[in-house]
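Subject: Handover of a structure

Dear colleague,

Please find the structure below, followed by an account of what was found in it.

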Amino acid sequence: MQHALILDGVTKRFGDFTAVDQLSLQIPKGCIYGFLGQNGAGKTTTIRMVMSIFHPDEGSITVLGKPDAASLKDRLGYLPEEKGLYKKMRTAEIVAYFGKLKGMDSTTANLKARELLTTYGLGEWLDKKCESLSKGMGQKVQLLGTLIHDPELVILDEPFSGLDPVNRDLMRDTILRMKHEGRTVIFSTHVMEQAEQLCDHVMMLHRSKLQFAGPLGEIKQGREFSIQLDYDGDGRVLQQLPGAIRVNDHGKQAEIFLQHGDDPQLALRWLIERITIRRFEYRAPTLHEIFVRTVESANQKLANKASTEGAR
Amino acid sequence: MANKTILVAQREYLENVRTKTFWIGIIAFPVIIAISISAGWILNKLKQQQSYAVLDLSAQKIADRIERAARTPDLLALGKLLKSNEQLPAALQRAKAGMKNALPINGSNEEANPPEEVLIDLMQVMRELPASDLDTLIASNKGMSTARKYEHQSLQQLGLDTLEPAVQKKRLNELVEKGTLFAFFEIGVAPLTSLGDFNYVSNNLTDGALRDWYGEAATRVVQSLRIKDAKLDPKVAQAIAEQVRFREQKVGKDGDAQDVKSGEKANKYAPFGFVYLLWVAIFTAAQMLLTNTVEEKSNRIIEVLLSSVSPLELMSGKIWGIAATGLTIVGSWVVCTLLGVWLAPRLITGMDFPLMEVIGDPLYLISFVAYFLGGYLLFAAILVGLGSVTNSLKEAQNLLQPVFVLMMVPLVSMFFVVQEPNGTVAKVLSYIPLFTPFTMMNRAGGPPAAYEYVITGLLLLVSVIVAFRLAGKVFRIGVLMTGNPPKLREILGWLRAK
């Protein structure tokens, strides 16, 4: 399989702080790849290294088959987490400017910018200054600036944060369309539902270290199944369910883990008598659960390590 | 220059240049300077006529003589005019025909010191000349500048001539108080022996021009009376009173002393203006760069840009884009200057413009542009480095303090350097790259030796290159940093990193 991106033993330090520690990854071409992790886990640093904004202290990065991303920046698209535009520039101008910076010639960039903006419903704003745009429109403009040059590999850092439901769907559709066109999309998020819905592959960083990486199915494989239910009623009773070792109650939805070997049917029967069940599933755990568990066990490991070191 | 650097530069330039405020700013500066240069001159012209009266208590009744002495330059100008073949106003034609005493002959000694009768006649002509004619003559620069500026009101005109001196004085005081008179002079009883009771009464304490003008004439008259009284030969007296005046000369290229022309003196002072403009231009542009860098950093657009261009390309793009903006400003000023030099003598008559010729000197203009570029690039590198490690303008301002102090040096030393363009201070400052542009511009009147231009120029060039390198290293890391600005030690670490 061809890879859009290969990271091999990549490490980045800022002074005494190691932001990314020995990260190795292989990202196949044409997939949607999710970078998961808490804030400060090292996602953005990794992305910046891929974009050759930072250079790794150790290890190597191969982007689209080339060892040096600097020479092929024009084939990459990058939407940073913090989004900004030149306030005084006109919308069509700034999208075209981003295109030109990616090596497009002036005429093509100008035409494409207007075409894209019109397609995305900003036809009336082509010649308006960026400062007059609403936040959502500004984000759209920024996204179009990232995509105008038809990049082969697109990296979106927290693309969904701050978007309203309509623009969220638009972002999702855009990502899916890019996948169908054969491009590779990497996006980082800490909203697990999004990753679960969209990603073919995910990886998770915690405290600069890789916790897991691979196709979503493989990651879920071998993990304890969980009861996932939608319900009405007093959720506090869920805590009293016999055999339950973990309950993630969201108010209307819940995810419950049973002791190994316990029968979910018995649990269902017990629950029906106490609350109204609208949906009941017994299946592989959600990404959310995997994420939280991973964070917990990683923190536990660190705490143990610290205490044994302290005892010494 | 890399393609992307040009793109960045182009954007920076267009963003600045296409705003209206930019052009208003550009135009405003020369306009303000032109106004302030001409304001003093115009204000002086517009100054209200000042009326005065004279209370002459002297036994010799010297007021008329003082009046004539004070107005001699005007009267001579009038005499010259009457003698010329120019088209004269009708009133003057008649006056010329009716004059009792012949006008002094051209070139004779009498022309400078005309006989008293001629002055009396001319005074009569001037008094009878209609104000409108006088204005026309003054406007066409025929001299007679004081004729309208200071207006003498006789006691007869004021209706005080028949009163007792004590009453006259009281009335005059009232007239000054009311504002009818700007001032009145009281000439003492015995000018030959005592000057104690010569008074000048006015409620305006700041404008002493009338007092000085009249006082000088009174001094001359009193002096000549005393010479006469002491039975001194007037020629001897004049010889004694004569002042020594050194004629200004300088050693020319052929080794001989030559007279200094007025333009040459202006030449020595012209750098003043240029240094100041240079300072303003460099500071404006460098400040623009700093603001722009901090803004770009704080609105996070920098990260998008860095995914397309390298930090070095981005930095040099910004620096060159703003250099182009600065050059546009400086270029517009140069054009305005040339325009002013060309226009001023055509628009305003009666003003001496040696300075204008000097400013228009291409050597000055070209070195001005060159030194702008050198100085700007050096300060730009420093400020862009500073800007990249700060998160807000406020933080940047704090870091700017030391740079401000450095930038004050050329302004503070400006006066010393212009006085001693080849002195030690000037030479030492020339070799410090940060000050080279200002100091060399400042010394242009000297001028410095050619080798100094070459060496200081090279030093400047080398420092620009080094500063760019170092700024690039700081910029690369600093521009993506958020949170606390890095400590000096950290920045030094970045500089050492490859």
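Predicted model: local features only at pLDDT ≥ 70, side-chain atom pairs only at ≥ 80, totals over all residues.

Chain A has an accessible surface of about 14,800 Å², and 49% of that area belongs to carbon and sulfur atoms.

Residues are numbered from 1 along each chain as its sequence is written, chains are lettered from A and ligands numbered from 1 in the order in which they are written, and side-chain values use heavy atoms, with hydrogens and water left out.

The two chains

Chain A contains nine helices and 13 strands; helices (H or I, at least four residues) and strands (E, at least two) are DSSP runs, numbered from the N terminus. Taken along the principal axes, the C-alpha atoms of chain A fill a box of roughly 70 × 50 × 35 Å. Of its 312 residues, 50% are buried, where buried means under 20% relative accessible area, exposed over 50%, and partly exposed in between (1.4 Å probe, protein chains only). Among the contacts (heavy atoms within 4.5 Å) in chain A between residues at least 6 apart in sequence, 68% join residues at least 24 apart.

Chain B has 22 helices and six strands. It comprises 498 residues, of which 43% count as buried. Its accessible surface comes to about 26,800 Å², with 61% belonging to carbon and sulfur atoms. For contacts in chain B with a separation of 6 or more, residues 24 or more positions apart account for 71%.

The nonpolar cores

A nonpolar core is a set of buried Ala, Val, Leu, Ile, Met, Phe, Trp, Tyr and Cys residues joined through side-chain atoms within 4.5 Å. The largest one has 126 residues, and the members that touch the most others are A:V63, A:I94, B:I319 and B:Y376. Helix α13 of chain B (residues 262–298) supplies the largest share of this core, 15 residues. Another core, of 27 residues, lies apart from it and includes A:C199, A:M204, A:L287 and A:V295.

Helix α13 of chain B also holds B:L278, which counts as buried at 0% relative accessibility. Leaving aside residues up to four places away in sequence, B:L278 touches B:F368, B:Y371, B:F372, B:P437, B:F438 and B:M441. The C-alpha atoms of B:L278 and B:P30 are separated by 13 Å, although the two are 248 residues apart along the chain.

Where the chains meet through two helices

Two packed helices are described by the angle between their axes and the distance between the axes. Helix α2 of chain A (residues 91–101) packs against helix α1 of chain B (residues 3–17) at an angle of about 160°, with the axes 10 Å apart. Axes are lines fitted to C-alpha atoms, for helices over the stretch in contact, and angles run from 0 to 180 degrees between N-to-C directions. The pair is therefore roughly antiparallel, a description used for angles over 145 degrees.

On the α2(A) side, A:Y97, A:K100 and A:L101 meet B:K4, B:L7, B:V8 and B:R11 of α1(B). By class, this contact has four nonpolar, no polar and three charged residues. Here Ala, Val, Leu, Ile, Met, Phe, Trp, Tyr, Cys and Pro count as nonpolar, Asp, Glu, Lys and Arg as charged, and the others, Gly among them, as polar.

Nine of the 11 residues of α2(A) are buried, so this helix is largely enclosed by the rest of the structure. Among these buried residues are A:I94, A:V95, A:Y97 and A:F98. Their cover includes α3 (106–119) and α4 (135–147) of chain A, together with α1 and α14 (301–306) of chain B. After α2(A) comes A:G103, whose phi is positive, near 90°.

Individual residues

Positive phi values also occur in residues other than glycine. A:R207 has phi near 45°; it is found in the loop between β8 (201–206) and β9 (209–215) of chain A and counts as exposed at 52% relative accessibility. B:K231 has phi near 60°; its place is the loop between α11 (209–229) and α12 (234–241) of chain B, and at 73% relative accessibility it too counts as exposed.

Lastly, A:V292 lies in helix α9 of chain A (residues 287–311) and is partly exposed, with a relative accessible area of 27%.

With kind regards

Note on methods: Areas by Shrake-Rupley, 256 points an atom, 1.4 Å probe, with all protein chains shown as cover. Parallel < 35°, antiparallel > 145°, perpendicular 65-115°, else oblique.
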